[in-house]
Amino acid sequence: MVRHVLNVKVLREIKNNFKTYLSVILIAALAVTLFTGIFANYKNFNDRLEHIYQEANMCDGIIMLKNYDGTIEEDLKNENIYFEKRIYYPTKYENNNIYLVTFDDHSKLNQPYSNSVGTIDSSMVFVDANFLNRNHLSIGDEIHCEFSLLAEKLNIDLKINGTMTHPESLENSTYNPAFIYVGYQALRDAISKSAYLNPFVVDELLKFYTNQFLIKGDIKILFKIKENHSQKDTFIYALKRSDLPSNMTVDADVNQAKQLIYIFPVIFYLVAVLIILTSISQLIHKESKNIGILKALGFSKKEILFHYMKIFIVLGLIGSFIGMILGPIIVPNVMGHKYDILYQLPEIKLPFLRIEYGISILILLCIIVFTSLFACYGAMNQVPASSLRGENAVKMKVTFLSKYKVFSKIPLSFLMAFRNMKRKISRTLMVILGVLGCSALLVCGFGIEDTINYGLDLELDDLIPYDVTVSYATYHTKEESIKQIKGVSGVDEYAKYSISVEKDSLISSYLFLLPDKAQIFHPAYTTQSCLLSTKVAEEIGAKIGDAIHFIYNGKRYEFIVTDIIDFCLSQGVFLSKEAIKTIEFAPTGAWIKTTQKELNAEVASSIEAISGISTATTIEDMRFHANETISSIKVMTWTVKIFAILLAVVVLYNLALLNFKERFKDIATLKVLGFSRLEVAASFIIEILFLTFVGAIIGLFLGYPLLVAVLSINENPLLSYIYHINWSSYIITVLITCGSSLLINLIFAYLTHKVEMVESLKSVE
């Protein structure tokens with residue numbers, strides 16, 4: 001019966017002080033929302049990707065060669081490893097880099113996840129739907145491309161039979177070459193027709209073009225193959241699935257989605273510690289006499305401690321339940337927008353609730369238990385008589401400032417504010433730490449957008465400040481024709497090729513061959529220079545003076561890096577066309593400078609009218625498309641800002657409410673002495689505003705490291721981050737935090753007239 005009384009008291013305590021404990025529910029809801037939301041985002045993304053890999057029977061690794069090597073096939077057979085052979089041939093369609101990838105009627109590995117015709121056979125050709133749209137093609141049209149057979153360049157025609165979603169070509173961007181899935185029979189017949197050869201002869205010749213082995217099973221064989229064959233001229237790489245250039249980007253995004261769990265939720269859980277600790281401390285202070293009564297009645301320390309702990313366990317569970325509902329709804333829908341922009345992923349039925357969400361509740365309960373033990377330690381060790389006597393009034397000492405006349409002129413509101421900060425050192429630190437976290441999150445949110453805009457401005461205004469960019473449909477120079485157009489003041493033609501770059505790791509990127517003397521491309525270079533974009537340098541582990549290798553058309557080239565440039569959009573290796581004469585300089589585009597910005601659209605229109613020009617895009621359109629590309633990252637920016645503001649509101653509300661309740665006696669005393677409502681309210685407004693300002697300023701210094709941490713695990717394959725935060729972002733952060741604090745405290749200042757003077761002053765201290 002007595003135990004039942006304690007349970008009833010728990011519910012009554014929550015009901016009577018719901019406003020006080022609302023902040024505990026809110027911070028629990030926010031922390032669990034972020035944890036479950038980010039975890040759901042990661043699992044949803046991972047499950048959709050794994051669904052594709054499973055349905056497509058994705059291989060576990062690939063061995064890539066320049067041409068067929070029978071010794072590797074023998075090694076695989078000796079190890080009883082299941083493998084399949086195929087041709088992986090780089091070529092071009094018009095001005096687009098493409099890979100012809102073969103399959104036959106017996107192929108089982110790396111099949112399309114879906115296709116538009118159903119049953120497929122080796123006489124068919126499939127392309128990505130994005131490839132059709134970008135090149136204005138339809139099913140039934142032909143792809144005209146080159147295929148070198150016995151040193152003779154053949155022009156072959158491949159008829160498109162359908163569209164597909166292939167596990168090696170999930171990206172929606174044009175960063176990687178298009179993936180053309182060609183049936184072996186279709187390729188053989190196209191070559192036979194173009195070369196006027198018997199299909200059986202072509203069969204024999206194509207055996208030497210087999211340059212990939214798809215491996216299923218134990219990937220240890222990849223390390224053995226690399227060790228035994230890496231010195232051969234025919235060997236290129238032996239990589240497991242997650243390290244393949246075609247899969248690195250999407251697999252890296254899965255890993256990044258997972259790593260976000262360790263950043264934002266951690267901040268919210270740390271703030272939850274502060275809020276729960278202050279709330280429990282305030283409750284224990286208020287309940288000191290009741291604790292004494294419970295001790296006198298014979299309740300043990302454990303029973304009393306668990307009684308007060310149950311209050312916050314109930315509050316935590318309420319907040320957790322709200323967070324478990326909101327998290328999987330809000331965060332995956334916001335963050336998942338990025339993946340839908342970047343990748344072709346299936347819409348599959350995914351679980352709403354996952355057993356892992358229990359981790360978030362467990363973390364919260366652990367926080368409640370440990371903070372309760374810490375906050376209640378002193379009260380639990382007091383004898384009943386001390387608890388019933390209550391806390392004595394604090395004896396204030398005369399400070400050295402009192403000796404000076406200036407001290408006597410300081411308004412009483414300021415003196416009371418600083419006195420209260422001195423009396424409540426623990427709460428003072430909690431206010432600063434809570435606001436610090438909010439301020440750092442806000443700086444991070446603003447910094448993400450600042451970083452993106454700074455990178456775009458740096459490249460488009462300083463490094464390559466073109467007014468119009470042009471893509472060629474043919475590989476012949478158009479420089480003289482472009483220069484004749486009215487309004488054109490400069491032209492830089494370049495050739496852009498898809499390559500694989502390697503030092504410590506291998507990635508897909510671009511090779512830019514530049515004119516001998518550039519007019520628009522600003523970074524300095526000579527015929528001996530090898531420029532590298534910062535992103536590529538970081539991904540392959542290269543620095544100035546290092547030797548790097550890149551593979552183009554099956555050939556391997558080596559250069560020494562002479563400079564690393566902070567490009568945002570243009571990623572790859574930059575060489576003078578004279579630096580590598582073995583690669584034919586076939587211009588694929590040009591950067592154009594106009595005499596006036598107002599002429600950009602007119603110049604672009606005139607250039608597009610030239611025969612052999614594919615597209616001409618103004619700098620204004622380029623910025624628009626760049627903003628579309630990074631729109632998913634800006635969504636994350638607003639998510640961070642909104643959660644940071646919500647966190648600030650919860651923290652400041654909690655601390656302002658506790659401050660208000662603790663100072664009932666001070667407020668009543670000032671009212672008795674005749675102070676106005678403004679003068680009464682000023683003391684605690686000044687205190688919280690001062691602490692908010694201090695916390696916000698300290699948080700500004702932590703915003704940059706947090707920005708680097710967030711963006712470093714949220715890399716985008718299309719651009720490089722050049723970390724930068726504008727001064728205006730720092731100022732706005734301080735204004736938001738201090739403004740929120742002022743608004744909340746003005747609300748409590750209005751409530752001072754409800755403080756009953758007699759009731760507040762009659763208790764004995």
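Predicted model: local features only at pLDDT ≥ 70, side-chain atom pairs only at ≥ 80, totals over all residues.
## Overall make-up

The protein has 765 residues, and 53% of them count as buried. Its chain forms 25 helices and 22 strands. How much surface does the protein expose? The figure is about 35,100 Å². Carbon and sulfur atoms supply 60% of that area.

Take the contacts between residues at least 6 apart in sequence: 81% of them join residues at least 24 apart.

## Nonpolar cores

In soluble globular proteins, nonpolar side chains tend to be buried together. The largest nonpolar core here holds 105 residues. Which of its members touch the most others? They are Phe 264, Phe 268, Phe 312 and Leu 441. Helix α2, residues 18–56, gives this core its largest share, 18 residues. A separate core has 28 residues, including Cys 145, Leu 154, Leu 158 and Ile 160.

Look at Phe 268 in particular. Setting aside neighbours within four places in sequence, Phe 268 is in contact with Ile 27, Leu 30, Ala 31 and Leu 34, among others. Its contacts also include Leu 441, Phe 643 and Leu 647.

## A buried leucine

Leu 707 sits in helix α23, which spans residues 677–712. Is Leu 707 buried or exposed? Its relative accessible area is 0%, so Leu 707 is buried.

Which residues does Leu 707 meet beyond its neighbours within four places in sequence? Among them are Cys 444, Gly 447, Ile 448 and Thr 451. Tyr 723, His 724 and Ile 725 are also in contact with Leu 707. Tyr 723 is 16 residues from Leu 707 in sequence. In space, their C-alpha atoms are 7.9 Å apart.

## A helix with two sides

Helix α19 covers residues 600–608. Its buried residues are Asn 600, Val 603, Ala 604 and Ile 607. These four cover an arc of only 100 degrees around the axis, so they lie on the same side of α19. Ala 601 and Glu 602 are exposed on the other side of α19.

Some nonpolar side chains form a surface patch of about 770 Å². Ile 318, Phe 321, Ile 322, Ile 325 and Leu 326 are among its members. Ile 329, Ile 330, Phe 352 and Leu 353 also belong to the patch. Ile 318 lies in helix α11, residues 301–342. Its relative accessibility is 36%, so Ile 318 counts as partly exposed.

## Charged pairs

Side chains of opposite charge can pair when their charged atoms come close. The structure holds 15 salt bridges. Three of these pairs are listed here.

| Salt bridge | N to O distance |
|---|---|
| Lys 224 and Glu 79 | 3.7 Å |
| Lys 597 and Asp 467 | 2.4 Å |
| Lys 535 and Glu 539 | 3.7 Å |

Start with the salt bridge between Lys 224 and Glu 79. The pair links distant parts of the chain, 145 residues apart. Lys 224 lies in helix α7, residues 220–229. Glu 79 lies in the loop between α3 and β2. Lys 224 is partly exposed, at 41% relative accessible area. Glu 79 is also partly exposed, at 38%.

Next comes the salt bridge between Lys 597 and Asp 467. Lys 597 has a relative accessible area of 46%, so it is partly exposed. Asp 467 has a value of 1%, so it is buried.

Lys 535 counts as buried because its relative accessibility is 4%, under the 20% cut-off. Glu 539 is partly exposed, at 38% relative accessible area.

Salt bridges can also join into a network in this model: Lys 503, Asp 504, Lys 543 and Asp 546 are linked in this way.

Technical notes
Residues numbered from 1 in each chain as written. Heavy atoms only, no water. Buried < 20%, exposed > 50% of the residue type's maximum accessible area, 1.4 Å probe, protein only. Contact = heavy atoms within 4.5 Å. Areas by Shrake-Rupley, 256 points an atom, 1.4 Å probe, with all protein chains shown as cover. Patch = residues over 30% accessible without salt bridge, like charges linked within 9 Å, V, L, I, M, F, W, Y side chains within 5 Å. Salt bridge = Lys/Arg side-chain N within 4 Å of Asp/Glu carboxyl O. Arc of directions from axis to C-beta. Core = buried A, V, L, I, M, F, W, Y, C linked by side-chain atoms within 4.5 Å.
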